[in-house]
Amino acid sequence: MNTVAPGQYLPETSGDTARMTRHFRSEKFDFSSFFFTGLTGLATLLIIGILVTILVNIIANGWSGLSWHFVSSIPTKDFFDPATTGILPMIIGTAIRVVLMTIFVIPVGVITAIYLTEYAPSNSLITRIIRAAVNNLAGVPSIVFGLFGVGFFINFIGKNLDQVLHNSAAVWGHPALIWASLTLAVMTMPVVIVATEESLKAIQPGLREASLALGATKLETILKIVLPQALPGIMTGGILAVSRAAGEVAPLLFTGVAYYMSSVPTHLSDQFMDLGYHVFVLSTQSPNIDQTRPILYATVLVLLALTFALNFVAILIRAQVRKKLRSMH
Amino acid sequence: MGIHRGHKARPVEWLAEKFIFLVSLSTIAMVLLIFLFVAREALPVFFGETNTALIQPVIPTAEMDKHSPAELQQYLELTPEQFKAMDKDTLSMLMDVKVEALNDIPDNFRKDPDAKINTSEWKYLVQPHQWSGYSKPEFIWQPVGEIKKFNIIPLFVGTLKVTLIGLLFAVPLAVGAAIYVSQLARPRMREIVKPAIEMLSGIPSVVAGFFALIVMASVLQKLFGYQTRLNAFVAGIALGFAVIPVIFSIAEDALTSVPRAYTQAALALGASRWQTAWQIVLPAALPGVFAATVLGFGRAIGETMIVLMVCSASVMSWSIFDSARSITTTIAAEMGEVVTGGAHYRILFMLGSLLFAATFLSNMAGELVIQRFKQKLEGKK
């Protein structure tokens, strides 16, 4: 493939081509080119500027409110007041719901990706429908996932479980940790599928063929050769899903998040407090926003640091996977 | 891939394959379940089976025997199981409660013609109505109070207003940046911009909403000098932050996938880099850029937290400097306070299913355009 920059690719062998090259290089100053190149460059700068402004603003204002005491204590009286608040229960709530979600989403997502790359007949109707479903799942608004959580998990599964197991006492048929995690798992499934698929495709086909030629069955090949190789990609998918889910609030609003709880959740049917929801509460319901602002900024900083750290690790692993993919072709 | 052997020789292999296939069907099942269960809760609204009239016809308790059990069950709003479990005394007591509830309605509503209206009928959901006390027919969403008004048009206007502002802000920026990064800039630029865009897309929407509410709203008000501090304009710009990464990545992908031969031919003919980008590459990648906009639209109408935090008053106004209440905001703000199974609950689910349908269609359209575009570039069609 020709990757030489234009204007340099003509070998200067004869006088003719040399003249042509010179002519090509000394093109007249073209104002519209200059102007529009500058304009699109400005658009790029503006986008980076927006990102930098948001980050600098949050870090600069959040840093001072951040302390070990703040992240490690439980709000005692009024969580809008910097003196009596802490965000430990919110951090724990977010962590638990995200871990539970991972347990649900990784197996299903990885198995689906294995089907799509290893088994599915390419371009058959069912494969195309599955791919369309994955794409659509990725585009469903998060608030609709919340409604789905209420309609399906709480009102259908939860209420029916109560009827069968608990003689209609409300144990499962209300917002709870497990329903929020399951809702998030459905939401993040496309993330895991896409990342796993990418890493499965990055494995050299020769490896599979060698394994099959040595007499291993297809299942053995997948379990012992393909999956270990794809592990970084699966991890990327899992981390991206976690980072996406950690910042989501809309699907939790009516599936399990609590405004205030005196203890951390101990049972799957408990409600929980959440970091992202806490940001929402602090910024919209505070009786005195000037007093709340320092802890609000500090909470945002913790949430942002959490999602960015996860994203960063995922991007690093993915860069390795992509490098491998490129070196194959 | 691989060699296919007869499954009878290896039952474990056969079972594993079937199991993997079944699990992968769960994605299809999820999309169907989402549609089914969101629409299921909304069905009574679609079929006009909900009744929100404040004053409803009352059956005097004495006339209980004149009505069939089915009529009584519907009148008392009971499920068949609940109805069967009750004896006659309980039923007549419930009927007394109904009569008393009617007597409790304040006198001023009793004379109000609006009190007899079932406000959850389609006519009142989409058409303007002259409520008593108003001088002309109006679109009003006001789901609290004695007479609940559920006109969904202000919510559609609010959604469109915020979404269009977001897209008007995001599309030029994102497409401009995509052209710059893929066509005009040095390759090193790309290595800076791409991670930056990924970071932008990694910002949770609740953080974007927080930033718009706490920082941007005041700054923009000082810049433009409008009245309401929290309005559709601020929400739209913040929405743009969330949409830029979506549009940028798809548009950049489309622009990069235009064959290099096109660019080289144009440059060889003496076109400048900008002329090549604008007149050759962009037209060739136009379907991809269009798809990016459509998918960005789908992302924007579904965004909840940003609009919820920045503005929420439902006013019927096309002015961008007035507040706006989008569909997502309405669901998020009101779902927590509704009675499960009530008319308001069902109408919120109805809004959710409309939202699902809208994003489903825009996603399908976007994906289809991208597929066609790639096939065309690869010369398969």
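How many Å separate the centres of domain 1 of chain A and domain 2 of chain A, taken over C-alpha atoms? I found 33 Å between these two centres.

Before going on, I noted that this is a predicted model, in which local features need pLDDT of at least 70 and side-chain atom pairs count only at pLDDT 80 or more, while totals for chains, interfaces and linings use all residues. Residues are numbered from 1 along each chain as its sequence is written, and chains are lettered from A and ligands numbered from 1 in the order in which they are written.

**Domains.** I looked up the bounds, which come from an automatic or database domain assignment, and read 27–62 for domain 1 and 67–328 for domain 2 of chain A. Their contact (C-beta atoms, placed from the backbone, within 7 Å) takes 4 residues from domain 1 of chain A and 5 residues from domain 2 of chain A.

**Chains A and B.** I then turned to the two chains, where 71 residues of chain A are in contact with 75 residues of chain B.

**Around Ala235(B).** Leaving aside neighbours within four places in sequence, I listed the contacts of Ala235(B), among them Val162(B), Ala212(B), Ile306(B) and Ala324(B); Val307(B), Val310(B) and Cys311(B) are also in contact with Ala235(B).
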